[in-house]
There are 2 protein chains.
Amino acid sequence: MTLVETPPRGRSGRAARRAERAIHSTHGAVPYITRGIPTYDILGEESLQRIEAAADRILAETGIDFRDDEEALRLWREAGAQVNGVNVRFEKGMLRELLKTAPSEFTQHARNPANSVQIGGNNVVFSPAYGSPFVMDLDKGRRFGTIEDFENFIKLGQSSPWLHHSGGTICEPTDIAVNKRHLDMVYAHIKYSDRGFLGSVTAQDRAEDTIEMARILFGREFADQNCVIMGNFNVNSPLVWDGTMTTGMRAYAKAGQAVVLVPFILGGAMGPVTTAGAIAQALAETMAGCALVQLERPGAPVVFGNFLSSMSLRSGSPTFGTPEPAIGSMVIGQLARRLGLPLRCAGNFTNSKLPDAQAMTEGTMSMLSAVHCGGNFILHSAGFLDGLLSMSYEKFVMDTDLCGGLHAYLKGVVVDENSLAIDAFAEVGPGNHFFGCQHTLANYETAFWDSDMSDNEPYEKWLAGGEVDAATRANKLWKKRLAEYVAPPLDAGIDEALQEFIHKQKASKADQWY
Amino acid sequence: MTLVETPPRGRSGRAARRAERAIHSTHGAVPYITRGIPTYDILGEESLQRIEAAADRILAETGIDFRDDEEALRLWREAGAQVNGVNVRFEKGMLRELLKTAPSEFTQHARNPANSVQIGGNNVVFSPAYGSPFVMDLDKGRRFGTIEDFENFIKLGQSSPWLHHSGGTICEPTDIAVNKRHLDMVYAHIKYSDRGFLGSVTAQDRAEDTIEMARILFGREFADQNCVIMGNFNVNSPLVWDGTMTTGMRAYAKAGQAVVLVPFILGGAMGPVTTAGAIAQALAETMAGCALVQLERPGAPVVFGNFLSSMSLRSGSPTFGTPEPAIGSMVIGQLARRLGLPLRCAGNFTNSKLPDAQAMTEGTMSMLSAVHCGGNFILHSAGFLDGLLSMSYEKFVMDTDLCGGLHAYLKGVVVDENSLAIDAFAEVGPGNHFFGCQHTLANYETAFWDSDMSDNEPYEKWLAGGEVDAATRANKLWKKRLAEYVAPPLDAGIDEALQEFIHKQKASKADQWY
């Protein structure tokens, strides 16, 4: 029984030729990026230590509540933390000591081994946005997401060579009962993508169903010995870990699967309005979560996550893709590296309701901060509009195009004999052009990232072509990609076993709709 | 006689109140930015040395042509360069030695002393885009620029607290004769702005007229002893300095005014298609230009400029705002700092013909690279669309808004007792919100950059407001700003003297239209 019958993803016609070319290009499709540029470290040692000391004080003096999870409290008590009711306080250094068992880098296996990703170190993995109740497109506007939308976004992701991961709850499939939709979501990731994905985390039994489906897919033995799935768990900031999350985290850890832990801090609401304080809080919350995972199973892979946001003075609304969270992410990156943990940071955020100039100003700023800060697993790389509330079809293809550009960007500047082009200067000489010279002919096909979203034509040609804007091009492109999508082959026996499991689980409980 | 009658720029109504608030905000208007974050240095010592060695070889083996400027050739001969016809070659180390007299930092005085800018060091100055023949807006589309457009853009720049400089040839005023328009352009900068500006460079007599007008404005003695004007001079890449430019450069230097020198390299056309080679070429060209300025007048302020671009494989068109030039700029920044020279790098570039998602994806990527690479004087900070060919009214206000955000971004993360908010955690505790806590009340007004371009409302409110996109908001905003614009007061005697000079110069020659 093999997981994949033929290695490359199916593609047809022009798309196949483009993909072919891309693979042979220096900026070509890769299972993940290995960065050629350093991280952007903006804070000095003294400031970093002050933030760490603030986090230590929060942990020792205010502590963190672990609610509705007796086993978590038991683990903390046993480890020597100071437990009062649900509040847990930690002596300075205790959590750092526990985190020493967490791996700095690990592999998440995909059902197509060519798509397995390395999380941590110098590696960067792009994954779609996560968690929107709504979807949007230019034709039909905003509406609640359905399983059809969910599948469409998986197909669009799979069609892009510039994502590396299939994501998780790309949008909520609201046409399926809340207590059953995780089964359909996990199945859709397995069926329509051959990349790694995130499982369900919204209840312990849903986490366990996810793990069981991963075992069916990968085989029990392989799944027990390797990371084949990750779960994305949110802190209930400020300073609360809910049992819903911690029981799920512990279920993933127990099964040897990876746990991504993410404080979600809107400055001034779930944390201080000043960035340094929000970062200290995030550090405290994440360290506590990661350490709990290590208590459950020392050595279980954890990812240090973060989500900073800001607030509009005028409207009181949360704001996304703004400067303060972007620059704050750089510091989060430094702190994660000091702990030796893989990092999940930022992504492509915006408040805009349309795939317009605001969407991509905010989106580009936050996405660049994610790669500059050293994010290893960049959730929310594609699709968000409307302040995390909507997945946009048009924005999704715009964002995957930006991800493509970042493949070129993260290579940095290659300095070698060929790239320095010394002979070309002698050949061309002052005042002449490089169009036809040897060096240009040998290098032009791989020199520059070539977006298939951007208009680079002269004005007159653009005018003659109907004065099309980026959003309209994106609208055409996602439809074309969906029309051309070909599912990666899946072993029929596995498919049947998965469907059987889903059927059994669904039959065992009544629908819950909220 | 004073240059300004009342110190602050005139503003009325809401604009005045906004400006007032901005000035009192921590992200408030400043005459220029002093960066609180380090530059983003992506290349290591060995690679930097290889690029420098390549530049040295280009200078020694291929050399640079200095065309139509006998005096420049005489200066080179006298300095010991190897001059063959118009080709000049330089022994390794010669140019670096000459550059030692160039200042690492200098002040460009504005007619309002509160707006004088510091060029170099940790300082960042934003200046509008430069050189487009066309202008665009959503109402009238693209057309040739006129003096009215030129004045409008100066007024829009002056109205924004987020620019620091009035720029130069913001658009070509094509309704005025080519040999006379420099007089109207310089006058418009003086009349409608009280910030520093760039003078004319397109012919030696135009450079000299500019300098004369600066002398009228600042008084001859002050102008002779201080930098009161800068000129932006382009290399005719590859490896050619034209007499039109070098005579202008020498005129500025002779008058003690600042010279910005900029290679303009479209990779694969005016330089190698590989970034490292294009950077080596740029380094050679800029060093030669800066050194010539030092030969003309040792100690004259020079700015190390750069402009890298790329090419579309599919259309063969030049492309702007793409990943390779963005990351290449970081290296240019490192090289400029190794020479100890102030840096002009990148700006806000795009190929898009509309103020849409593409425009701001490309614009944000290139503008961020300008601030990350350590650009001190960032020309082209606002307005470009259409691959440098058009100034857009809508894009101008979008870009100045981004400049505002970058004021917050460049502060970095402030780490002190207040920002760490230790007491707030004790006050709020786990699971409660920070909305009303002491720390939030004391800090919320200055915590976050507040864009006046972005929509941050909930979806329902945006829907009720007419589903307006960013471009439409920008269209309203530039009209509002023009309507509310108030000219900064200018001494009547100076105004009269300037007009007299312009009249005299215009009367002395026939119109040339090409």
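**Conventions**

I number residues from 1 along each chain as its sequence is written, and chains are lettered from A and ligands numbered from 1 in the order in which they are written. Because the model is predicted, local features need pLDDT of at least 70 and side-chain atom pairs count only at pLDDT 80 or more, while totals for chains, interfaces and linings use all residues.

**Entry 1: the two chains**

I looked up the contacts between the chains, taking two residues as in contact if their C-beta atoms, placed from the backbone, lie within 7 Å. On that basis 107 residues of chain B are in contact with 108 residues of chain A. The side of chain B that touches chain A has 59 nonpolar, 33 polar and 15 charged residues. Here Ala, Val, Leu, Ile, Met, Phe, Trp, Tyr, Cys and Pro count as nonpolar, Asp, Glu, Lys and Arg as charged, and the others, Gly among them, as polar.

**Entry 2: A:G199**

I found A:G199 in the loop between α6 (181-192) and α7 (204-218) of chain A; helices (H or I, at least four residues) and strands (E, at least two) are DSSP runs, numbered from the N terminus. Is A:G199 buried or exposed? A:G199 is buried, with 28 other C-beta atoms within 10 Å. The cut-offs are 20 or more such atoms for buried, 12 or fewer for exposed, and partly exposed in between, with C-beta atoms placed from the backbone.

**Entry 3: strand β10 of chain A**

All 5 of the 5 residues of β10 (residues 230-234) of chain A are buried, so the strand is largely enclosed by the rest of the structure. A:M230, A:N232 and A:N234 lie on one side, and A:G231 and A:F233 on the other. I counted pairing as at least two DSSP bridges between two strands. β10(A) runs parallel to β12 (residues 258-262) of chain A, joined by 5 bridges. A:F233 has A:L261 as its bridge partner in β12(A).

**Entry 4: helices of chain B**

Helix α13 (residues 393-411) of chain B has 19 residues, which should span 27 Å at 1.5 Å a residue, and its end C-alpha atoms are 28 Å apart, which agrees. The expected span is 1.5 Å times one less than the number of residues. In α13(B), 18 of the 19 residues are buried, so the helix is largely enclosed by the rest of the structure. B:G412 follows α13(B), with a positive phi near 75 degrees.

Helix α9 (residues 243-254) of chain B is mostly covered, with 10 of its 12 residues buried. B:G256 follows α9(B), and its phi is positive, near 75 degrees.
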